Amino acid sequence: STAEEYYMFNKDEPVIGWCDVVSPSGADQRRIAYSAFQKSDVDEIKQIFSELNLQLIGIETSYSATLKGLNLTGLISDAIIMNSSWTALIINTNSFTLFQMEGSNLIDCNDVPLAIKSFSPEEAYQAIVSSVSQLLDTFASNQLYIISQTDDISAEALKKIMQYDGDIVAIE
C-alpha cells in the first residue's frame, strides 16, 4: 500500500496481483508476493486484445516470464519434478533479485537495489557476490541459476567467482 500511495500510482489507479508464498513449516507468519500495474495501461492492453477478438488471460512481469522461461527450456524440469530446492539470481542494471524456490513453489524473494553502473566492473562483481552470499546462506539449495539481463555483468564471469556448494548455471 505504501508503494501505491507514495511511489508509482499517484495519478493512476493500480491493478493489483498477489499470491501466497510458501512459508517454512512452523512459521507463524503469512508472506505474500505482490505486484501492481497502472490500471490505464492494463485497460489499454485489454482494448487492443478486444479489437483483435482475443481474450487477455494475464500479464506477466519480467520475473515471472524469466522463471517460466527456465521451466519451458527444461533447465529446471528436474528440480520441479523432484520438488528440490533451487535458486534463481536475476541481475538487472539497477538491482538483483534472488528467488529461492522449492520445486515450483516460491519460498522467498529478495530484491536488492544495486546501481551497477556506479561501480567499477571489479567492484560491481564483488558487491554482487558479497550480497548474494549472505542471502544464499539463509536457504540451502542444490542449484543456482545466474541470469544476467544487463551487458554490464556477465553471468559466466560471476559464476567463476561465486562460491556456492551446488551446481551453477550461467545464462546471459
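**Sheet, flanking helices and nonpolar cores**

Strand β4, residues 95-102, pairs with β5 in the antiparallel sense, and eight bridges join the two. Within this pairing, Phe99 stands opposite Cys109 of β5. The model is predicted.

The β4-β5 pair belongs to an open sheet of five strands. The strand order is β5-β4-β3-β6-β7, and the pairing is mixed. The edges are formed by β5 (105-113) and β7 (167-171). Each has a single partner strand, so one side of each lacks a neighbour in the sheet. On average, neighbouring strands are turned by 15 degrees against each other, direction ignored.

Helix α3, residues 62-72, packs on this sheet. It touches β3 (85-91), β4, β5, β6 (143-148) and β7. The direction of α3 makes about 130 degrees with that of β3. Helix α5, residues 121-136, lies across β3, β4, β5 and β6. Relative to β4, helix α5 runs at about 25 degrees.

The largest nonpolar core has 22 residues. Leu89, Ile91, Ile128, Leu158 and Met162 have the most contacts inside this core. At least two residues come from each of β3, β4, α5, β6 and α6. Helix α5 gives the most, with eight residues.

Neighbours within four places in sequence are left aside here. Leu89 is then in contact with Phe96, Thr97 and Leu98, and also with Val132. Further contacts of Leu89 are Leu144, Tyr145, Ile146 and Ile147, together with Leu158 and Met162. Another core, of 12 residues, lies apart from the largest one. Its members include Leu67, Leu70, Met101 and Tyr145.

Thr150 lies in the loop between β6 and α6 (155-161). The relative accessible area of Thr150 is 9%, so this residue counts as buried, the cut-off being under 20%. A polar atom of the Thr150 side chain lies 3.2 Å from the backbone nitrogen of Asp152. Not counting residues up to four places away in sequence, Thr150 touches Ile91, Asn92 and Thr93. Of these contacts, Ile91 is also among the residues with the most contacts inside the largest nonpolar core.

How values were computed: Residues are numbered from 1 along each chain as its sequence is written. This is a predicted model: local features need pLDDT of at least 70, side-chain atom pairs count only at pLDDT 80 or more; totals for chains, interfaces and linings use all residues. Side-chain values use heavy atoms; hydrogens and water are left out. Two strands pair if DSSP finds at least two bridges between them. Helices (H or I, at least four residues) and strands (E, at least two) are DSSP runs, numbered from the N terminus. Axes are lines fitted to C-alpha atoms, for helices over the stretch in contact, and angles run from 0 to 180 degrees between N-to-C directions. Contact means heavy atoms within 4.5 Å. Buried means under 20% relative accessible area, exposed over 50%, partly exposed in between (1.4 Å probe, protein chains only). A polar contact is a pair of N or O atoms within 3.5 Å; within protein, one must be able to donate a hydrogen and the other to accept it, and residues adjacent in sequence count only if both atoms are side-chain atoms. A nonpolar core is a set of buried Ala, Val, Leu, Ile, Met, Phe, Trp, Tyr and Cys residues joined through side-chain atoms within 4.5 Å.
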